[in-house]
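Hi everyone, thanks for coming. Let me put the structure up on the screen, and then we can walk through it together.

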Amino acid sequence: MTPTMLRQLWSLVETTQASTLVDLDDASLVQCLVKQFKKQAGINAKEADLLKDYICSRIALIRDMAEARLSGDASA
């Protein structure tokens, strides 16, 4: 993944509703983020696969960030 893709993904995570990120099961969360990412940036199948793998490896972090936003704790 390129640095640009990483920045775009984490920006997407920050702008996606925290409740959505917390409530979806893992597979649905990955699918949701990839679908939104594809809308914002045209990516090919190889890039989509890389994105899916990266998101899968960061699910716990994504959920932790979303839970911190829900609790109003911006420092976490």
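Let me start with a question: does Val22 count as buried, partly exposed or exposed, or put another way, which class does its relative accessibility give? At 24% relative accessibility, Val22 counts as partly exposed. Here buried means under 20% relative accessible area, exposed means over 50%, and partly exposed is in between, with a 1.4 Å probe and protein chains only.

Before I go on, the ground rules. This is a predicted model, where local features need pLDDT of at least 70 and side-chain atom pairs count only at pLDDT 80 or more, while totals for chains, interfaces and linings use all residues. Residues are numbered from 1 along each chain as its sequence is written, and side-chain values use heavy atoms, with hydrogens and water left out.

Back to Val22. It lies in helix α2, residues 18-23; helices are DSSP runs of H or I with at least four residues, strands are runs of E with at least two, and both are numbered from the N terminus. Leaving aside neighbours within four places in sequence, Val22 is in contact with Arg63, Ala66, Glu67 and Leu70, where contact means heavy atoms within 4.5 Å. The C-alpha atoms of Val22 and Asp64 are separated by 8.5 Å, and these two residues are 42 residues apart along the chain.

You'll find Arg63 in helix α5, residues 59-71. With 14% relative accessibility, Arg63 counts as buried. What does the side chain of Arg63 reach? The backbone oxygen of Val22, at 3.2 Å. That is a polar contact, meaning a pair of N or O atoms within 3.5 Å; within protein, one must be able to donate a hydrogen and the other to accept it, and residues adjacent in sequence count only if both atoms are side-chain atoms. Not counting residues up to four places away in sequence, Arg63 touches Leu21, Val22, Leu24, Asp25, Asp26 and Leu29.

Asp26 takes us into helix α3. At 44% relative accessibility, Asp26 counts as partly exposed, and beyond four places in sequence, Asp26 is in contact with Ile59 and Arg63.

Now for the helix packing. Two packed helices are described by the angle between their axes and the distance between the axes. Axes here are lines fitted to C-alpha atoms, for helices over the stretch in contact, and angles run from 0 to 180 degrees between N-to-C directions.

Take α3, residues 26-40, with α5: their axes come within 11 Å and cross at roughly 85°. That makes α3 roughly perpendicular to α5; angles under 35 degrees count as roughly parallel, over 145 as roughly antiparallel, 65 to 115 as roughly perpendicular and the rest as oblique. In α3, Asp26, Leu29, Val30 and Leu33 meet Ile59, Ile62 and Arg63 of α5. Sorted by class, this contact has five nonpolar, no polar and two charged residues. For the classes, Ala, Val, Leu, Ile, Met, Phe, Trp, Tyr, Cys and Pro count as nonpolar, Asp, Glu, Lys and Arg as charged, and the others, Gly among them, as polar.

How do α3 and α4 cross? The axes of α3 and α4, residues 45-57, come within 10 Å and cross at roughly 140°, and the two helices are therefore oblique to each other. α3 passes α4 in a right-handed crossing; a crossing is left-handed if the near helix is turned anticlockwise from the far one by less than a right angle, and right-handed if clockwise. The α3 side of the contact is Val30, Leu33, Val34, Phe37 and Lys38, and the α4 side is Ala48, Leu51, Lys52, Ile55 and Cys56. By class, that contact has eight nonpolar, no polar and two charged residues.

Then α1 and α5: these axes come within 10 Å and cross at roughly 35°, again with a right-handed crossing of α1 past α5. Trp10, Val13 and Glu14 in α1 meet Leu61, Ile62, Met65 and Arg69 in α5.

Last stop, the loops. Thr16 sits in the loop between α1, residues 3-15, and α2, and is buried, with a relative accessible area of 6%. A polar atom of the Thr16 side chain lies 2.7 Å from the backbone oxygen of Leu12. In the loop between α3 and α4 we have Ala41, buried at 13% relative accessibility.

Happy to take questions!
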